[in-house]
Amino acid sequence: MLKRLRENKSTQGTLLALPTTLWLFFLLIIPLILTLVISFGKRSPDGDVIYTFSLNNYTRLFGYSTDCPEGQASCFNPLYVQILWRSLTLAFNTTALVIIMAYPLAYFIARAHPKRRNLFLFMVLIPLWTNFVIRVYAWMMLLRKEGAINVIIGGVANLLNIPFTPLEMLYTPGAVLVGMVYEFLPFMILPIYTSLEKIDTSLYEAAADLGANAIKTFLRVTLPLSMPGVVAGTILVFIPVMGTFIVSDILGGRQVILVGNLIQRQFLDARDPTFGSAASLILMIMTLIVTYFYTRKFGFGEEIVPA
Amino acid sequence: MNPFRRSPFVLVATVLVYTFLYAPIIGLVLYSFNASRANVTFEGFIPAFSERVVMDGSLVKSSPCGPFHWYCDLAKNDDVAEAAGNTLTIAVVATIVATVIGTMAAIALQRYDFKLKPFSQLSLYIPIVIPEIVMGIGVLTLFSQLFGWVNESFNLSGDARLSLGMATVTISHIAFMVPFVTLVVQARLQGFDKSFEEAAMDLGANEWTTFRRVTFPMILPGVMSGALLAFTLSLDDFVITFFTNGPGSTTLPIYVYGLLRRIITPQVNALSTVWILVVFTAVLLLQLIQNREQKQHS
């Protein structure tokens, strides 16, 4: 039997891939199917799941409500649609801001002397090695009314004799945006750097010989050749921002509720896993649709796997 | 045009972005020396050493450890020690399993043809394209439904009842780490020609010898960076752990999150500072080892 196994390449391949494939099947695919099944279910009074086929969770998510004033049987409740829309726009804004901030830095590192590039990259990675939760906490300390930012602005205002009342920055949508940008910035810098670094420098000389100025060279040579990095970075930033709930939880307080917070509360506080499952499937579908159209337009970035 | 030419715009933007990256961390470290227990404003360093901790309201006047008062406080915190132990145990076990099975899968996907191949390859992209929270609540649902059913059908009671804990966290961590290991090792294998292995076989080496003497040394750097990536993913993970942990399996990120919702003393800052230093030293050591190996090989 061993001899037959030795000769059968196909069986060998299957056996080698089997542990990983089974692990992913039972812990990623089965849970997704289970989430789908439960999202059609109902919540029992003690918070358990009743398996039925009902679309109630989905209609509720898109605004159908039976909890209405003045004897109406049903009405439109925009709460959950607003949460979905807020998450989507926040993810777009974060990604755009992150690209604007990451590109010049990645460009600087890629153009730096080869001996110093590793040091500059290392400096991008150090903040990433502190924990995700700790990074949110650091911003909470900075943005507080008594925090460092207000202290510094207050000090400058004092020197210039301008009256200054501390800004209320914590627990605002802006605080959540800053927190998200900070959390995911390195994930954009690295892939953009990788694709910029690959560009053959003789292309710049060629562009210059052909009479292109710096701006034209950037627009016609550098930018198009670095698009795979931007695409990979966008996927690495957009998708996690859509689902993160800690940043909004800590920097947004009760003011900024995102889909992530909605899902987390259904599973822990409100104890309605069926509604939470429906919300998380909608979240997944939203990210898949955006990723699909985005990658279809720009291609799937090779730089997505850090090596 | 000189490719090393830098425009002033790029230079200014670079300085601003680095400032943005480091300002929060500098603040975090500074506040770990805060004399104020309330930790809302920075009230200066703890000035003096003394036999016992002397407090004035919420201000620490002196302490046996002087300015390092909160670090000593941290060392005495058993919850932190337990959470650190849990975090490391989970990360080590999950990294070993994920690296072994992930590398096997990478070799299978890159060097063999089999029926399951498209499915295996496709499933690797799930953790990249699906938000972590979706996977988190998915595994939570799986474990709670499965455990509920098992506990009921076998009438388990007390300690015998299945519940969330170290095992569920570790199993879930492996699931989202494996794809990253496999993809990194696969990328490494792609860069190498199959002909090296074929040459070894032609020279009479059997498959095991070929793997041991040719394939494995070639992919080792890929396996190492895959393992390192998996390890850091596990250490840093909040979302999956949040949904799969139970009593006795609190990790450091979960512990810190719990603190943020209650009282925050500069102890949290001390913990963060120690964390940064430990990871920084570990990565620096790894870099040095890698550089040395590269020099030896060249």
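Among contacts in chain A between residues at least 6 apart in sequence, what percentage join residues at least 24 apart? In this predicted model, the figure is 70%. Let's walk through the chain with that in mind.

Chain A is built from 13 helices and four strands. Its C-alpha trace spans about 85 × 75 × 35 Å along the principal axes. The radius of gyration of chain A is 25 Å, whereas a compact globule of 307 residues would have one near 19 Å. As for burial, 42% of the 307 residues of chain A count as buried.

For a closer look, find two helices of chain A: α10, residues 214-243, and α13, residues 273-298. Their axes lie 10 Å apart, and the helices pack at an angle of about 170°. Angles over 145 degrees count as roughly antiparallel, so α10(A) and α13(A) are roughly antiparallel to each other. On the α10(A) side, the residues that meet α13(A) include M227(A), V231(A), I235(A) and F238(A). Among their counterparts in α13(A) are L283(A), M286(A), V290(A) and Y294(A). Taken together, the residues of this contact comprise eleven nonpolar and five polar, with no charged ones.

Now step back to see how the two chains meet. Here 75 residues of chain B are in contact with 77 residues of chain A. On the chain B side, helix α1 (residues 8-31) gives the most, with 13 residues. The side of chain B that touches chain A divides into 57 nonpolar, 13 polar and five charged residues.

Notes:
Residues are numbered from 1 along each chain as its sequence is written. Chains are lettered from A and ligands numbered from 1 in the order in which they are written. This is a predicted model: local features need pLDDT of at least 70, side-chain atom pairs count only at pLDDT 80 or more; totals for chains, interfaces and linings use all residues. Two residues are in contact if their C-beta atoms, placed from the backbone, lie within 7 Å. Ala, Val, Leu, Ile, Met, Phe, Trp, Tyr, Cys and Pro count as nonpolar, Asp, Glu, Lys and Arg as charged, and the others, Gly among them, as polar. The radius of gyration is taken over C-alpha atoms; the globule rule is 2.2 Å times the number of residues to the power 0.38. A residue is buried if 20 or more other C-beta atoms lie within 10 Å of its own, exposed if 12 or fewer, and partly exposed in between; C-beta atoms are placed from the backbone. Axes are lines fitted to C-alpha atoms, for helices over the stretch in contact, and angles run from 0 to 180 degrees between N-to-C directions. Angles under 35 degrees count as roughly parallel, over 145 as roughly antiparallel, 65 to 115 as roughly perpendicular and the rest as oblique.
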